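Okay, everyone, thanks for coming. Have the sequence and the picture ready, and we'll walk through a few spots together.

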Amino acid sequence: MNNIYLNEKTFLKFKNKYSTKKDGIYKYDDILVKELLFDSGYIFNSTIYTVNSLNDNKNILPKSLLIPNGYLYVNNKIKCLTMPYINGNTLKETLDNNDISLEEKIYYLKEVGKILEDLKQTRNNIKIYLNDLHESNIIIDNKGKIYAVDLDTCKINNNINFPSKYLNRESLIRYSKNKYPIVDNFDSPGYICADENSDLFCYIIMILNFISGTDISRISDKLFLSYLNYLIKVGFDSRLIDSLSKIIAKEDNVNPYKLLDTIDEKCKNYIKRNKNV
C-alpha cells in the first residue's frame with residue numbers, strides 16, 4: 001500500500017499546494033488523492049473494508065479497475081485514499097468532444113461493456129459490482145486504455161450499498177422495483193442493492209444518453225418506450241433496441257456492447273444531429 005503520513009498543519013499545506021479543479025481531489029506527483037467525507041463511523045468503516053477487499057483480490061480483478069492502493073493519514077488517522085494518477089480524460093469529456101470521431105466514441109462505449117463482461121467472469125471467485133457506473137467514472141488514458149474509477153463505492157462482498165448517480169428513486173428503475181431490489185437497511189446510503197442488473201442498467205443509460213444527446217435516466221416508462229420505437233424508425237437495429245429496452249422489463253438485463261457495431265451511418269448521422277456536430 002502507498003501510504004502518506006502527515007500532521008494537521010502539513011495536511012493543510014498539502015491541500016493548498018496539490019488541489020485540483022475537483023473538490024477533495026489532489027494530485028501529488030503520480031498519485032491521486034481523494035479526501036473522504038467521513039473519518040469514522042459505519043460509512044467510513046465500509047469504505048475501508050471495500051478498499052481492503054479490492055486490494056486483497058486485485059490479482060483476480062480486471063486490470064481495467066483503478067483500485068485505490070493506499071491511504072493518507074493525518075495524525076495517524078485515515079483522511080484520504082490514494083491511487084495511481086491516470087493522465088487522460090473522462091468518458092464524459094470524450095463523448096462531449098466534437099473533435100473526436102463518432103467511431104472512436106462508440107469504441108470506448110464498447111470497452112465499458114467489456115469491463116462488465118470481465119467482471120462477470122470474476123464473480124466466479126468474488127462478488128463485485130461497479131455500482132456507481134456513469135460517464136465521469138470512466139477514465140481514458142492518453143494511449144486509449146480505459147479504467148473504471150471511484151471504486152471505493154463499488155459493491156464487493158458484504159460491504160454496504162453506496163449511492164449511485166443512476167440508481168435513485170427518480171430514475172427508470174422505479175418501474176421495475178422487483179428487478180432492482182431496494183435496500184432495506186435505512187442506515188445504508190445507497191438506494192438499490194447493486195447487482196449485475198443494476199450495473200447493466202447504468203451502462204445502458206450511458207449508451208442511450210450518448211444516442212439521444214441528453215440524460216434520459218429519469219424519463220417516464222411510456223416516454224422511454226416511445227423513444228425506443230422512434231429509434232427503430234430512425235434505423236437502429238431492432239436487436240440493439242430490444243436489448244436496451246430490457247432495463248424496464250421483467251427479465252434480466254443483457255450486455256449490449258457487441259450490438260453497438262450495428263450502429264450504421266444513418267444512425268451515426270442521427271447521433272451527430274443530437275450533438276450538433
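A strand here is a DSSP run of E with at least two residues, a helix is a run of H or I with at least four, and both are numbered from the N terminus. This is a predicted model, where local features need pLDDT of at least 70 and side-chain atom pairs count only at pLDDT 80 or more, while totals for chains, interfaces and linings use all residues. Residues are numbered from 1 along each chain as its sequence is written, and side-chain values use heavy atoms, with hydrogens and water left out.

So, Tyr5: you'll find Tyr5 in strand β1, residues 4-6. Is Tyr5 buried or exposed? Tyr5 counts as exposed because its relative accessibility is 52%; the cut-offs are over 50% for exposed, under 20% for buried, and partly exposed in between, with a 1.4 Å probe and protein chains only. Beyond neighbours within four places in sequence, Tyr5 is in contact with Tyr73 and Asn76, contact being heavy atoms within 4.5 Å. Lys77 sits 72 residues from Tyr5 in sequence, yet 9.0 Å from Tyr5 in space, C-alpha to C-alpha.

Next, helix α2, residues 41-56. Buried residues of α2 include Ile43, Phe44 and Leu54, and the buried residues of this helix pack against β4, β5, β7 and β10.

Last, α5 and α6. Which residues make their contact? From α5 it's Leu208, Ile211 and Ser212, and from α6 it's Phe224, Tyr227, Leu228 and Leu231.

Terms used. Expected span 1.5 Å × (residues − 1).
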